[in-house]
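Colleague: Could you walk me through this model, one question at a time?
Modeller: Gladly; here is the structure to look at together.

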Amino acid sequence: MSNEVHIDHIDSEILFHLRQDGRLTNVELAKRVGLTPPPCLRRVKRLEEAGVITGYRAVVDPEALGHGLEVLIDVEVSATDRKTFEEFEKTVVSFEEVVEFRRMFGRPDYFVRVAVADHAAYEAFLTGKLSGLSCVLRLVSHLTMKKIKTSS
């Protein structure tokens, strides 16, 4: 038995428009997808209740906050026990510079995306926080040249 939600072309259109502008009113959204407001609202509520739409948020420009340098880091750790992994994850999640953190299958063990003000701030983060963790075996930094596509 599958937990997948059936999405028809109208649901897809609703999701497309909400991804573009989550602040659309129901009336405007209904107009864009060719529905009247009541059935459009029912569809949105169904998508929310089914967990397809998980929330609404503001997309913030990191440069406007002084965090214009984005670095992707591959992290390999020397730990094999659950306690060490959990402590490492808890610590890295607490770093304010970390905007995305994933445990991977295979190598690297982790993928970390950080946003900082500049190269000096990145060096301070790397040497003062991440590389100082005892289980860190290897770090490989990838500095972003240009964002081609992002999905929030």
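Modeller: What follows is a set of questions and answers on a predicted model.

Colleague: Let's begin with helix 2. Which residues of helix 2 are buried?
Modeller: Helix 2 runs over residues 26–33.

Colleague: Is Leu 29 buried or exposed, and what is its relative accessible area?
Modeller: The cut-off for buried is under 20% relative accessible area. Leu 29 lies in helix 2, and it counts as buried because its relative accessible area is 3%.

Colleague: How are helix 2 and helix 3 oriented to each other?
Modeller: Two packed helices are described by the angle between their axes and the distance between the axes. For helix 2 and helix 3 the axes are 9 Å apart and the angle is about 100°. Angles of 65 to 115 degrees count as roughly perpendicular. Helix 2 and helix 3 are therefore roughly perpendicular.

Colleague: How many nonpolar residues are there in the contact of helix 2 with helix 3?
Modeller: Helix 2 brings Asn 26, Val 27, Leu 29, Ala 30 and Val 33 to this contact, and helix 3 brings Pro 37, Cys 40, Leu 41 and Val 44. By class, one of these residues is polar, none is charged, and the nonpolar ones number eight.

Colleague: Turning to the other pair, how is helix 1 placed relative to helix 3?
Modeller: The axes of helix 1 and helix 3 are 11 Å apart, and the helices pack at an angle of about 80°. That angle makes helix 1, relative to helix 3, roughly perpendicular.

Colleague: How many charged residues does the contact of helix 1 with helix 3 have?
Modeller: From helix 1 come Ile 10, Asp 11, Ile 14, Leu 15 and Leu 18, which meet Cys 40, Arg 43, Val 44, Arg 46 and Leu 47 in helix 3. By class, the contact of helix 1 with helix 3 has seven nonpolar residues and no polar ones, while the charged residues number three.

Colleague: Now helix 4. Why does Glu 89 count as buried?
Modeller: Glu 89 lies in helix 4, residues 82–94. A residue is buried when its relative accessible area is under 20%. Glu 89 counts as buried because its relative accessibility is 17%.

Colleague: Which side chain does a polar contact of 2.6 Å join to that of Glu 89?
Modeller: Beyond its neighbours within four places in sequence, Glu 89 is in contact with Phe 101, Arg 103 and Tyr 110. The polar contact of 2.6 Å joins the side chain of Glu 89 to that of Arg 103.

How values were computed
Residues numbered from 1 in each chain as written. Predicted model: local features only at pLDDT ≥ 70, side-chain atom pairs only at ≥ 80, totals over all residues. Heavy atoms only, no water. Helix = DSSP H or I, 4+ residues; strand = E, 2+ residues; numbered from the N terminus. Buried < 20%, exposed > 50% of the residue type's maximum accessible area, 1.4 Å probe, protein only. Polar contact = N/O pair within 3.5 Å; in protein donor to acceptor, adjacent residues only side chain to side chain. Contact = heavy atoms within 4.5 Å. Axes fitted to C-alpha atoms, helices over the stretch in contact; angles between N-to-C directions. Parallel < 35°, antiparallel > 145°, perpendicular 65-115°, else oblique. Nonpolar A, V, L, I, M, F, W, Y, C, P; charged D, E, K, R; others polar.
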